[in-house]
Amino acid sequence: MQFNRSFVLYVLGLMLLMEGLFMFIAGMVALYYGEYDFQFHLISTLISAIAGGLLAWFNRSVPNNVGKREGYVVVASVWVVFSLFGSLPFYLSGAIPSFTDSFFETMSGFSTTGATILDDIEALPHGLLFWRSLTQWLGGMGIIVFSMTVLPILGLGATQLYVAEMPGPMPDKLHPRIHETAKRLWAIYVAFTVIQVALLVAGGMPAFDAVCHALTTMATGGYSTKQNSMAHFDSPYLQYIMIIFMFIGGMNFALSYQLLRGRFSKVFKNEELKSYFFAAIGIGVTIGLILFFTSHTPAFEQAMRHGLFQTVSIMTTTGYYTDDYQQWFPFLGVMLFMLMFMGASAGSTSGGITIARVVLLVKNSINELKRLSHPNAIIPVRFNGKSVSQSIITNVLAFIVIYMLIVGLCTIIMSAMGYDLETSLGAVVASIGNVGPGTGIFGPTASFSALSDIGKWFLSLLMLMGRLELFTVILIFTPSFWRQ
């Protein structure tokens with residue numbers, strides 16, 4: 001089947017029109033606060049709307065031959081296109097005078113990575129701070145899923161877009177129709193965001209900061225309106241609220257839907273959720289105890305709070321911090337670094353390898369050991385009480401191997417740019433895992449402003465690959481993908 005280029009361009013045009021709408025909303029925030037960036041939001045809105053309108057108009061006669069190739073190309077390209085146009089408010093306003101830096105900041109937003117080049121976040125006007133947070137919120141649930149919610153015409157290729165965009169080895173559908181699934185996912189996403197805003201405001205956080213932090217918490221993105229992240233808000237209540245909602249953001253949203261429908265037994269029996277919960281609690285408490293007994297944090301409650309907050313933040317790839325964990329006992333830094341690889345649940349807004357894949361890897365490894373003793377035995381891998389097909393196991397193993405190979409290769413490339421091993425490895429893992437803060441000179445309290453331009457474009461590519469779980473990006477560069 002011939003590649004349907006018109007469909008791809010038509011979808012991108014419609015998506016740009018949507019992006020222009022959200023830029024306009026950010027412009028209204030700038031207008032409300034009477035700040036200088038309003039005109040630049042308006043100019044960016046017009047540029048996006050004109051470009052999107054022309055693409056949609058000249059490709060409006062969309063043929064019906066839509067397959068997986070078109071779905072993968074749309075998914076891979078929409079993040080690049082959104083980031084290119086989304087960087088305009090930062091660049092045109094002069095708030096981020098380098099286009100490379102503007103693109104890096106925007107790609108980090110839409111991919112929900114949270115790595116920043118800003119050294120004085122509070123200096124940004126409210127409109128740009130809101131746009132920065134909004135990029136993460138849109139990217140969190142997925143721009144493609146959003147498109148299927150508000151543009152029914154995309155139902156033409158909805159299944160292909162859903163499969164290509166939704167994270168995890170086994171994407172869950174809440175409804176036989178993809179359009180209905182997307183609507184329900186977004187309803188849950190919006191509801192949790194609104195609830196978190198209310199709870200943060202009730203705890204004394206200013207309304208604007210509460211909205212921005214709620215947008216980036218549910219997206220597990222980690223962009224804050226403060227340079228010192230959540231350390232700026234020295235409030236146990238606010239930090240516990242953030243822990244809860246970061247954890248929710250790291251849950252499979254299909255499970256959140258079942259939970260809201262009162263199907264508690266189905267939710268609490270879920271293996272991935274149990275593994276996620278006990279790993280977060282176990283590691284968080286362990287870190288808290290070590291912080292307390294090493295006298296780094298002499299107050300017991302504060303030590304436990306720092307341990308839980310940082311564990312959930314890194315595990316969900318959100319990237320907020322309440323303390324500079326690079327100054328903690330070295331063993332704790334290693335534990336948190338390992339969590340950067342793991343990630344949270346499949347079907348959530350978090351990045352990383354995901355708990356589901358880790359559980360399946362462990363179970364398959366145990367079964368392989370059993371087969372050494374009983375070579376004729378048929379021992380299936382079971383997940384949530386069901387046998388997992390060999391194709392899924394193969395996919396999981398291939399993903400993890402490719403993930404680790406890319407991390408190793410890209411660390412070598414970063415080292416060739418002149419960065420030490422700790423910094424190179426941390427930057428690569430933080431980017432491809434969509435974590436945000438790295439290690440070394442790009443630690444939690446530092447920005448990526450010192451990174452070279454080529455390094456920023458390189459890490460931007462890794463953010464995209466991590467957001468789309470590697471295969472989508474790698475696939476479109478293989479010759480077989482383009483053969484008819």
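Reader: In which helix is the place of Gln 196?

Author: Gln 196 sits in helix α9 (residues 178-202). Helices here are DSSP runs of H or I, at least four residues, numbered from the N terminus. The model is predicted: local features need pLDDT of at least 70, side-chain atom pairs count only at pLDDT 80 or more, and totals for chains, interfaces and linings use all residues. Residues are numbered from 1 along each chain as its sequence is written, and side-chain values use heavy atoms, with hydrogens and water left out.

Reader: Is Gln 196 buried or exposed?

Author: Buried means under 20% relative accessible area (1.4 Å probe, protein chains only). Gln 196 has 0%, so Gln 196 is buried.

Reader: With which side chain does the side chain of Gln 196 make a polar contact?

Author: A polar contact is a pair of N or O atoms within 3.5 Å; within protein, one must be able to donate a hydrogen and the other to accept it. The partner is the side chain of Thr 217, at 3.3 Å. Contact in general means heavy atoms within 4.5 Å. Beyond four places in sequence, Gln 196 is in contact with residues including His 213, Met 218, Ile 241 and Phe 245.

Reader: At what angle do α14 and α15 pack?

Author: Axes are lines fitted to C-alpha atoms over the stretch in contact, and angles run from 0 to 180 degrees between N-to-C directions. Helix α14 (residues 271-293) and helix α15 (residues 300-315) pack at about 140°, with axes 7 Å apart. Angles under 35 degrees count as roughly parallel, over 145 as roughly antiparallel, 65 to 115 as roughly perpendicular and the rest as oblique. α14 and α15 are therefore oblique.

Definitions and conventions: Helix = DSSP H or I, 4+ residues; strand = E, 2+ residues; numbered from the N terminus. Buried < 20%, exposed > 50% of the residue type's maximum accessible area, 1.4 Å probe, protein only.
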